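Colleague: Hi, I'm new to this one. Could you walk me through it?

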Amino acid sequence: MATEQISELLSLAAGEDLSAKQFYGLKLSVSSRDTVVLPNAVNQVFFGVLQNDPTSGQAAQIATRSGDISKIISRGDVATIAIGDRLTLHSDGTFVKAQTDGQNFAGIAMQASTSSGNLINMLIQPGMSGA
């Protein structure tokens with residue numbers, strides 16, 4: 001089983017309470033380029049994976065580099081995730097299998113998931129499926 005391999009973390013302000021969201025996916029805030037928040041809709045542009053548990057205004061430590069391996073919280077209950085599947089952001093910041101062409105994706109699953117809340121590893125490799 002692969003382990004986390006993160007070369008460097010980026011630090012930006014948490015735009016909301018993220019204290020219970022370690023290993024969730026984040027997007028940039030629309031109100032400030034120096035702030036990150038959870039997505040509020042499916043298929044939003046992935047910015048990185050939260051590595052700590054900041055409250056609003058505190059520094060969020062984020063894994064953003066393509067090629068790094070991060071732990072993530074998956075939703076295999078939405079659609080079964082297999083090793084090698086492309087993953088995208090769910091509206092709650094968890095990761096789900098990208099199922100249609102043209103979806104933004106965050107990376108590649110390195111472990112399978114069949115239920116909600118599974119902690120698995122993902123190779124960070126953002127892009128757009130079918131592109």
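Colleague: How do strand 1 and strand 5 pair?

Modeller: Strand 1, residues 9–14, and strand 5, residues 59–63, pair in the antiparallel sense over five bridges. Strands here are DSSP runs of E with at least two residues, numbered from the N terminus, and two of them pair if DSSP finds at least two bridges between them. Ser11 stands opposite Gln61 in strand 5. By the way, this is a predicted model, where local features need pLDDT of at least 70 and side-chain atom pairs count only at pLDDT 80 or more, while totals for chains, interfaces and linings use all residues. Residues are numbered from 1 along each chain as its sequence is written, and side-chain values use heavy atoms, leaving out hydrogens and water.

Colleague: And in which sense do strand 4 and strand 5 pair?

Modeller: Strand 4 (residues 48–50) and strand 5 are antiparallel too, with two bridges. Val49 has Ala63 in strand 5 as its bridge partner.

Colleague: What about strand 1 and strand 3, parallel or antiparallel?

Modeller: Strand 1 and strand 3 pair in the parallel sense, over two bridges. There, Ala14 is partnered by Val36 in strand 3.

Colleague: In what order do the five strands close into a barrel?

Modeller: The barrel order is 1-3-2-4-5, with mixed pairing. Neighbouring strands of this sheet are turned by 55° against each other on average, direction ignored; the axes are lines fitted to C-alpha atoms, and angles run from 0 to 180 degrees between N-to-C directions.

Colleague: Changing topic: how many aromatic pairs does the structure hold?

Modeller: One. Phe46 and Phe95 have ring centres 6.1 Å apart and planes at 65°, so they form an edge-to-face pair. The cut-offs are centres within 6.5 Å, with planes under 30 degrees apart counted as stacked, over 60 as edge-to-face and the rest as tilted.

Colleague: Which parts does that pair tie together?

Modeller: Phe46 lies in the loop between strand 3 and strand 4, and Phe95 in strand 8 (residues 95–97), so the pair ties together parts 49 residues apart in sequence. Both Phe46 and Phe95 are buried, where buried means under 20% relative accessible area, exposed over 50% and partly exposed in between, using a 1.4 Å probe and protein chains only.

Colleague: Which residues touch the most other members of the largest nonpolar core?

Modeller: That core has 13 residues, and Phe46, Val49, Ile72, Leu87, Phe95, Met122 and Ile124 touch the most other members. Strand 10 gives the largest share, three residues. A nonpolar core is a set of buried Ala, Val, Leu, Ile, Met, Phe, Trp, Tyr and Cys residues joined through side-chain atoms within 4.5 Å.

Colleague: What is Ile72 in contact with?

Modeller: Leaving aside neighbours within four places in sequence, the contacts of Ile72 include Phe23, Leu87 and Met122. Contact means heavy atoms within 4.5 Å.

Colleague: Is Ser70 buried or exposed?

Modeller: Ser70 is buried, at 0% relative accessibility, and sits in strand 6 (residues 69–75). A polar contact of 2.8 Å joins its side chain to that of Gln51. Such a contact is a pair of N or O atoms within 3.5 Å; within protein, one must be able to donate a hydrogen and the other to accept it, and residues adjacent in sequence count only if both atoms are side-chain atoms.

Colleague: Last one: what is the phi of Phe23?

Modeller: Phe23 has a positive phi of about 75°, although it is not a glycine. Phe23 is found in the loop between strand 1 and strand 2, and is buried at 12% relative accessible area.

Definitions and conventions:
Helices (H or I, at least four residues) and strands (E, at least two) are DSSP runs, numbered from the N terminus. Rings of Phe, Tyr and Trp (its six-membered ring) pair if their centres lie within 6.5 Å; planes under 30 degrees apart count as stacked, over 60 as edge-to-face and the rest as tilted.
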